[in-house]
Amino acid sequence: MDADPLALFPYRSLLAVCAHPDDESFGLGAVISAFRALGIATSLLCFTHGEASTLDAGIDDLARRRADELTAACNVLGLGSVSLHSYPDGHLTEVPVENLSDRLESLVDAGRFDCLLAFDEGGITGHPDHRQATATARTVAHRRGLPCSPGR
């Protein structure tokens with residue numbers, strides 16, 4: 001008899017934490033999709049608009065374009081809610097974790113999430129913004145007694 005997947009992952013609501021639009025797709029998309037397939041309510045906090053990206057440098061309003069792309073990706077992933085903030089892309093490490101934690105904690109309180117999801121401590125690609133978003137997720141998880149996956 002196969003094990004019940006929900007018994008292996010006993011949480012029912014998950015908040016993914018990332019730095020930029022596209023992190024939810026390239027870094028966490030498969031995991032988010034798996035949780036959604038199990039019926040776990042999943043939402044997203046994204047700290048920046050990704051306006052410093054060099055991928056589409058010729059676009060006049062890259063922040064708006066990235067926000068639109070994030071909305072489209074979150075619709076495909078089936079995310080329940082998205083909280084997109086305007087911290088400076090490429091400079092997230094200049095914002096104290098304490099300030100970022102306040103934003104995250106207010107979402108945790110409002111949404112009553114029982115698990116956080118973030119990149120590993122290296123931020124997958126080593127990007128400083130990714131590492132800062134992960135550090136924030138881990139800080140809030142520790143304070144609130146929540147699991148932070150992946151994490152310890």
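Tutor: Let us begin with accessibility: isoleucine 124, at 46% relative accessibility, counts as partly exposed, a class that lies between buried (under 20% relative accessible area) and exposed (over 50%), computed with a 1.4 Å probe on protein chains only. The model is predicted, so local features need pLDDT of at least 70 and side-chain atom pairs count only at pLDDT 80 or more, whereas totals for chains, interfaces and linings use all residues. Residues are numbered from 1 along each chain as its sequence is written, and side-chain values use heavy atoms, with hydrogens and water left out.

Student: Where is isoleucine 124 found, and what is its phi?

Tutor: Isoleucine 124 sits in helix α6, residues 123-126; helices (DSSP H or I, at least four residues) and strands (E, at least two) are numbered from the N terminus. Its phi is positive, about 60°, although the residue is not a glycine. Arginine 112, likewise not a glycine, has a positive phi of about 50°, and that residue lies in the loop between α5 and β4.

Student: Is arginine 112 buried or exposed, and how does alanine 34 count?

Tutor: Arginine 112 has a relative accessible area of 69% and is therefore exposed. Alanine 34, placed in helix α3 (residues 29-37), reaches 41% and so counts as partly exposed. Its C-alpha atom is separated by 9.7 Å from that of leucine 77, which is 43 residues away along the chain.

Student: How should I read a sheet, and in what order do the strands run here?

Tutor: Strands of a sheet pair through backbone hydrogen bonds, either parallel or antiparallel. In this structure five strands form an open sheet in the order β3-β2-β1-β4-β5, with parallel pairing; two strands pair if DSSP finds at least two bridges between them. The edge strands, each pairing on one side only, are β3 (82-87) and β5 (148-149). Between β2 (residues 41-48) and β3 there are four bridges in the parallel sense; cysteine 46 stands opposite leucine 84 in β3, and threonine 48 has tyrosine 87 of β3 as its bridge partner.

Student: Which strands does α5 touch, and which residues form the covered face of β3?

Tutor: Helix α5 packs on the sheet, touching β1 (13-18), β2, β3 and β4 (115-117), where contact means heavy atoms within 4.5 Å. The direction of α5 makes about 165° with that of β3, on a scale of 0 to 180 degrees between N-to-C directions, the axes being lines fitted to C-alpha atoms, for helices over the stretch in contact. Ser83, His85 and Tyr87 form the covered face of β3, while Val82, Leu84 and Ser86 form the uncovered one.

Student: At what angle do α5 and α7 pack?

Tutor: Helix α5 (residues 97-111) and helix α7 (residues 128-144) pack at about 55°, with their axes 9 Å apart. That makes α5 oblique to α7, since angles under 35 degrees count as roughly parallel, over 145 as roughly antiparallel, 65 to 115 as roughly perpendicular and the rest as oblique. The contact includes Val97, Leu100 and Leu104 of α5 and Gln132, Ala135 and Val140 of α7.

Student: Is glutamine 132 buried or exposed, and what does it touch?

Tutor: Glutamine 132, in helix α7, is buried, with a relative accessible area of 11%. Leaving aside residues up to four places away in sequence, glutamine 132 touches Leu92, Thr93, Val95, Pro96, Val97 and Leu100.
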